[in-house]
Amino acid sequence: MVANVDRRPRTSYLLLAVVVGHLILISAQVQAGPRNSVLEQVAFGAFAEVQHALTVAWQGVFGTWSEYVALRDLHARNDALAAEVADLKLQLQSQRALARRARSLQALLDMRSDAGLATVSARVIASGVAPYIRTLTFDRGRADGVAADAAVIAPDGVVGRVLGDPARAASQVQLLNDRNAAAGARVERTRAAGIVRGTDDESVLTMEYVSTTEDVRVGDRIVTSGIDGIYPPGYVIGDVSAVSLGSDLHLQISVDPAVDFARLEEVLVVVQERGAPALNSPW
Amino acid sequence: MKNAHIALALGTALLAQTALLRMVTAVPVPVDLALIVVVYVALSRGATTAIWTGTAAGLLQDVLSGGIVGPSGLAKCLVGAIIGLSSTRLVVAALWSRFAVYVAASLLHAVCFFGVYMLIDTGAPGASMVFLVGQAVVNGLVFVSGVGLVHAAPAAWRRLRVYWSPIAGRNWELE
């Protein structure tokens, strides 16, 4: 009992000291802006290495199971994949024809040829550690040429950007559906420009600053505009799922993201090559 | 529960939440395993240890999530302190009371976390009310089943050892 009486004030002092310490730490960052300190980089790098090892180990175990044990419907899957490959080959030919036509048109218009994006493929090794901040960790970092703010794209569309300085062999990516993420965007059909942001609901994006005079319809495709200097222009963000008049002079547009952020596995990280044109140059 | 056990539990919780849950579940599970460890420590070891555990867990989450360092540390430290201090007045032997304590702790954590962001008036992370309530319920369920496992493990281990013992199942006659 005596011990309890003695301990209670000590706990209160400890709590007070820790709370004050936290408040000083937070206010220092609010004034100076959040920094990607060496400590954070080292902690993130070390943790990412463990996450990577765990992911590889898990995939090894799971791969052994799927390759040697669960072979029951392999034949059916093989047939389905063969059919899919044939279909994709057809699509590829069609796309190549379109690309050739686009290149010739571009030459006719005397526009400079698109240098193409330098990218590295990356694999998801972990999801975000804080439940309210939507991030993913990928297995590519400084050693692979990944830099802060590099755009991350998937076959379906835009994923997000590299958050802060990456570690040697891992980087953290802020997903486009995070509340604090944003990207310059356009309505593909009408070229109306705006900004796409994340919302509280992780399956919905919102497009802001589009004037009420613009023609935007449900189903319109939203693509990146490149105006932010992070995302290359013309990449798919999603489709308009709802449009209404906002409280001010702007439309309230909900966008259904093209990427299923919960099922992402492989992505491409845009690596800016030395001497390459800026990502936001118009084409 | 020794300090080394707490550190191990925290590390395991963070790794499981980030690297394992994504691979074993088809849909994202709104769970905060680090908070589960903090509440467990608060109920079993009291406020002082819970304050340190909450601070360590929260700061680690802040550092690894790339945002402002502190809000999660402050929220978890406060939750640890409040649950730890009130644990002497709470009877949490029954499953439903553990569940209720954890749901309350989870909501309290959300209030503290978002409260800090509102105070500093910078871009707050997003989470809908449905997500927060869902997370509180899932956390409660994970907590109850996790604590059940932790409590049942020693007895199960003893039974297993007896079962596999070389002298098990034999009839011994004393001369």
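Arg191(A) is placed in the loop between strand S6 (182-187) and strand S7 (193-198) of chain A; helices (H or I, at least four residues) and strands (E, at least two) are DSSP runs, numbered from the N terminus. The structure is a predicted model, in which local features need pLDDT of at least 70 and side-chain atom pairs count only at pLDDT 80 or more, whereas totals for chains, interfaces and linings use all residues. Residues are numbered from 1 along each chain as its sequence is written, chains are lettered from A and ligands numbered from 1 in the order in which they are written, and side-chain values use heavy atoms, with hydrogens and water left out.

Most residues other than glycine have a negative phi. Arg191(A), although not a glycine, has a positive phi of about 65°. Its relative accessible area is 47%, which means that Arg191(A) is partly exposed (buried denotes under 20% relative accessible area, exposed over 50%, and partly exposed in between, with a 1.4 Å probe and protein chains only). A positive phi, near 60°, is also found at Tyr209(A), a residue other than glycine. Tyr209(A) belongs to the loop between strand S8 (205-208) and strand S9 (221-224) of chain A, and this residue is exposed, with a relative accessible area of 51%.

Chain A as a whole contains 3 helices and 12 strands. Of its 283 residues, 37% are buried. Contacts were defined by heavy atoms within 4.5 Å; among those in chain A between residues at least 6 apart in sequence, 57% join residues at least 24 apart. The accessible surface of chain A, computed by the Shrake-Rupley method with a 1.4 Å probe, comes to about 16500 Å², and 56% of this belongs to carbon and sulfur atoms.

Chain B has 6 helices and 0 strands, giving the pattern α-α-α-α-α-α along the sequence. Buried residues account for 45% of the 175 residues in chain B. Of the contacts in chain B between residues at least 6 apart in sequence, 67% join residues at least 24 apart. Chain B exposes about 8900 Å², with carbon and sulfur atoms supplying 72% of it.

Between the two chains, 46 residues of chain A are in contact with 52 residues of chain B. Together the chains bury about 4300 Å², 70% of it on carbon and sulfur atoms; buried area is the accessible area (1.4 Å probe) that two parts lose on being put together, summed over both. On the side of chain A, His22(A), Val129(A) and Tyr132(A) lose the most area to chain B, together 18% of what that side buries. Helix H1 (2-32), helix H2 (38-69), strand S1 (119-127) and strand S2 (135-138) of chain A each supply at least two residues of the side that touches chain B. The largest share of that side, 12 residues, comes from H1(A).

Across the interface, 0 salt bridges are found, a salt bridge being a side-chain nitrogen of Lys or Arg within 4 Å of a carboxyl oxygen of Asp or Glu.

On the side of chain B, His109(B) lies in helix H5 (residues 95-120) and is buried, with a relative accessible area of 1%. Not counting residues up to four places away in sequence, His109(B) touches Tyr132(A) as well as Asp32(B), Leu35(B), Ser72(B), Ala75(B), Lys76(B) and Val79(B).
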